[in-house]
Amino acid sequence: MEDQKKENQTAEENLSAYEKAAQEGIDPRCIPQRLDGPVPEHDEIVYPNYPKSDHESWKFLYERQMKLLPGRACNEYMEGTKVLKLSPDKIPFLKDLSHVFLKTTGWKVARVPGLIHEQNFFEMLRRRVFPSTDYIRGKEELDYTPAPDLFHDIFGHMPLLTNKAFASFYQKFGEAAFKAEGKNRTKLETFHWFTVEFGLINNPEGRRIYGAGILSSLKEVEHSLSDKVVVKPFDPEKIVVQQYDVWHLQPILFAIDSFEQLEKGFDKWCKENGLLN
Ligand SMILES: [Fe+2]
């Protein structure tokens, strides 16, 4: 009996974080992994040998989402999709996108194996490097996947990285978050959630979406602009303490007036909290 218990205990200790998560019902892809060495950046990135079905998934997701975005996604995002020459025909090559960023905003792309540890993530952002996956969700997960894939990373995040004000804000975010500890770290993660992932913006034509978590999600696009959501004005003090739930449609969002406002407001909050000089 005791021996059995001991055996079970040892087996338990030998499980990787991924296996433990799977046992507890958490999708292991949602556990951030710490990088144990350098990852390919910019010209070092190679194009995977995608099966035909992966290109079909990209085309399906791209066309379905693009139908929803005019009049809903912000002008700066739509402009970015043109600058990057995104098309439904084939999965974009991270290296090509990296070259466009280098010319427009000085950013580059790194290819990462999945959700990475926050310290790795912030360290890249502060160097103007955007970590991206290069695999796409399976056919059975086209409507929803809990973990990042290339559709979220490329289609959701990358168009805005061609915008100077946003790109400048995001570098500062990496700088501040890399330094932040304890409560401040949590506050900055919350700030990231309500801006980079779930942000809204007041364009001259009306309220639009800029958050990647919304832009790459089938349900959030319509939900985020519906009357089911309470939209609050941009205020870093309020954003950093706002509760959120990653598993459900978002009931509360924040709207900025411009990316300049986002950058200035963030900069001011960080300076007041000793996170930027
Ligand atoms: Fe994201």
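Guide: Helix α9 has 16 residues, which at 1.5 Å a residue should span 22 Å, and this agrees with its end C-alpha atoms, which are 22 Å apart. The expected span is 1.5 Å times one less than the number of residues. Helices here are DSSP runs of H or I with at least four residues, and strands are runs of E with at least two, numbered from the N terminus. The model is a predicted one, in which local features need pLDDT of at least 70 and side-chain atom pairs count only at pLDDT 80 or more, while totals for chains, interfaces and linings use all residues. Residues are numbered from 1 along each chain as its sequence is written.

The buried residues of α9 are Lys 187, Leu 188, Phe 191, His 192, Phe 194, Thr 195, Val 196 and Glu 197. A residue is buried if 20 or more other C-beta atoms lie within 10 Å of its own, exposed if 12 or fewer, and partly exposed in between, with C-beta atoms placed from the backbone. Trp 193 is also found in α9; because 18 other C-beta atoms lie within 10 Å, Trp 193 is partly exposed. Leaving aside neighbours within four places in sequence, Trp 193 is in contact with Phe 198 and Tyr 244, contact meaning that the C-beta atoms of two residues, placed from the backbone, lie within 7 Å.

The cover over the buried residues of α9 includes α8, α10 (212-215), α12, β6 and α13. Of these, α13 (residues 259-272) has 14 residues and reaches 20 Å from its first C-alpha to its last, close to the 20 Å expected. Its buried residues include Phe 259, Leu 262, Phe 266 and Trp 269. The buried residues of α13 pack against several elements, among them α9 (182-197) and α8 (164-179).

Helices α8 and α13 pack at an angle of about 20 degrees, with their axes 8 Å apart. Axes are lines fitted to C-alpha atoms, for helices over the stretch in contact, and angles run from 0 to 180 degrees between N-to-C directions. That makes α8 roughly parallel to α13, since angles under 35 degrees count as roughly parallel, over 145 as roughly antiparallel, 65 to 115 as roughly perpendicular and the rest as oblique. Among the residues making the contact are Phe 166, Phe 169 and Phe 173 of α8, and Phe 259, Leu 262 and Phe 266 of α13.

Just after α13, Gly 274 takes a positive phi of about 70 degrees.
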